[in-house]
Structure formats: C-alpha cells, structure tokens
Amino acid sequence: MKVIGITGGVGSGKSEVLNMIEEMTECVIVRADELAKDLEAPGEVCFDPLVRLLGNGVLRDDGRIDPGKMAGMIFADGDTDIRDRVNRIVHPAVKERILAMIQEASDEGRAEYFFIEAALLIEDNYDTIVDELWYIYAGEDVRRKRLRISRGYSDEKIDSIIRTQSTDETFRKYCRVCIDNSGTLEETKEQLKQLL
C-alpha cells in the first residue's frame, strides 16, 4: 500500500481532487481537518486541552466546541500564539490517529493507496510517514474566486488564511508531484490518470 500526502493552499481544490481519486482507485482517504474535528468532540483526546486553553466561551450550548468561535479565536488580530498552542494540541493527536489508521489499513490489505489530505503536511513533517507528497496547485486568483463563491469568504478572511499557509515555492520544494488544478475537472482528471 502506498501512502500519499495531499496538500495545497486553501481553495486549491484538494477535496475535489480526492473525490476524483476515490472514484478512480481502491483507496483509503483521511481528511485531517475532519479527523481533527472528530478528535475535538467531548470525550476525545483534544477536547479537554482545547477547552482549558480557550475557555468555556469556545463551547456551543450543547457542550461541543464551536468551530466558528474557535477559528475566530485562532485568527483574531493575527495572534499566532493561540494558533500555535491549538496546533500543538491538535496536530500530534491527528498524526497519532492517522498512523494507527495506516497500520490498520496495511494489516487488512484493503487498499492500494492511503491518502492523507491536510494543508499543513509539510509543517507537521508528514514527509516522514508518507511515501510521497502531492501538491494540488491552483493560481491565487482562482483560489480567491473559489473561496468567495463556494464559502462566501471576504477578501480579508482569505488574506488572513493565505498568510498562515506555505508559499507555492515551499509546496513545490517538498512535494514530488504537482497537480495543476487551475483548469477544468477533466484536465485534472487526466493528470490523475497518469499518476495512478
């Protein structure tokens, strides 16, 4: 089983690319952001440390962490200290769970590929646990347009997120494969067919 990390900037279309991959091959796909949300649920490993760090104000009425409130605290006033402290809680827990999932999939022999999708694969040293990293590229203008249309993000919000992410040069330096997802879905699918 080949383990591949999928990364790229916000709005590059990582999820869409993974949907295509899922249709094309026998694989396991783990989306780190979704797994992180699972690990932030009450009773899971990240819940108590996050509430201790951010306070009860981060909770919804039902006692679960409110992702919007947490994001507001993380990105407020460009305060990288809170973001870094949240990352030190969440990212190691996500990585540990992913390693267990890789082992389980390998033991079961149920997939040809195991894909891990996350924006911070490089920063979190996932290159040490994957066979290779794939960079999903889309030009900044394309990404901004997608984020305004699909998520309703303001230019200010897009700016604040892009500022926290790796540059195109960094992605290209660490990733063996670059998939250009700036064009049509068919063009992207053709690149994936060649790779798989």
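## A pair within helix 8

Asp 168 and Arg 172 sit four residues apart, about one turn of the helix, and both belong to helix 8 (residues 168-174). Helices here are DSSP runs of H or I with at least four residues, strands are E runs of at least two, and both are numbered from the N terminus. The two side chains meet in a salt bridge, with 3.0 Å from N to O. To count as a salt bridge, a side-chain nitrogen of Lys or Arg has to be within 4 Å of a carboxyl oxygen of Asp or Glu.

As for solvent, Asp 168 is partly exposed at 26% relative accessible area, and Arg 172 is partly exposed too, at 40%.

## What you're looking at

This is a predicted model, where local features need pLDDT of at least 70, side-chain atom pairs count only at pLDDT 80 or more, and totals for chains, interfaces and linings use all residues. Residues are numbered from 1 along each chain as its sequence is written, and side-chain values use heavy atoms, with hydrogens and water left out.

## Other salt bridges

Searching the whole structure turns up 12 salt bridges. One of them links Arg 97 and Glu 44, whose closest N and O atoms are 3.3 Å apart. Arg 97 is in helix 5 (residues 80-108) and Glu 44 is in the loop between helix 2 (32-39) and helix 3 (47-54), so this pair ties together parts 53 residues apart in sequence. Arg 97 is partly exposed at 32% relative accessibility, and so is Glu 44, at 29%.

Asp 155 and Arg 148 also pair up through their side chains, at 2.9 Å from N to O. Asp 155 is partly exposed, with a relative accessible area of 36%, while Arg 148 comes in as partly exposed at 40%.

Look next at Asp 124, in the loop between strand 3 (113-117) and strand 4 (132-137). Asp 124 is buried yet has no salt bridge, and the nearest side chain of opposite charge, Lys 95, is 6.7 Å away. For charge, Lys and Arg count as positive, Asp and Glu as negative, and His and the chain ends are not counted.

What does Asp 124 touch, leaving aside residues up to four places away in sequence? The answer is His 91 and Lys 95, where contact means heavy atoms within 4.5 Å.

Terms used
Buried < 20%, exposed > 50% of the residue type's maximum accessible area, 1.4 Å probe, protein only.
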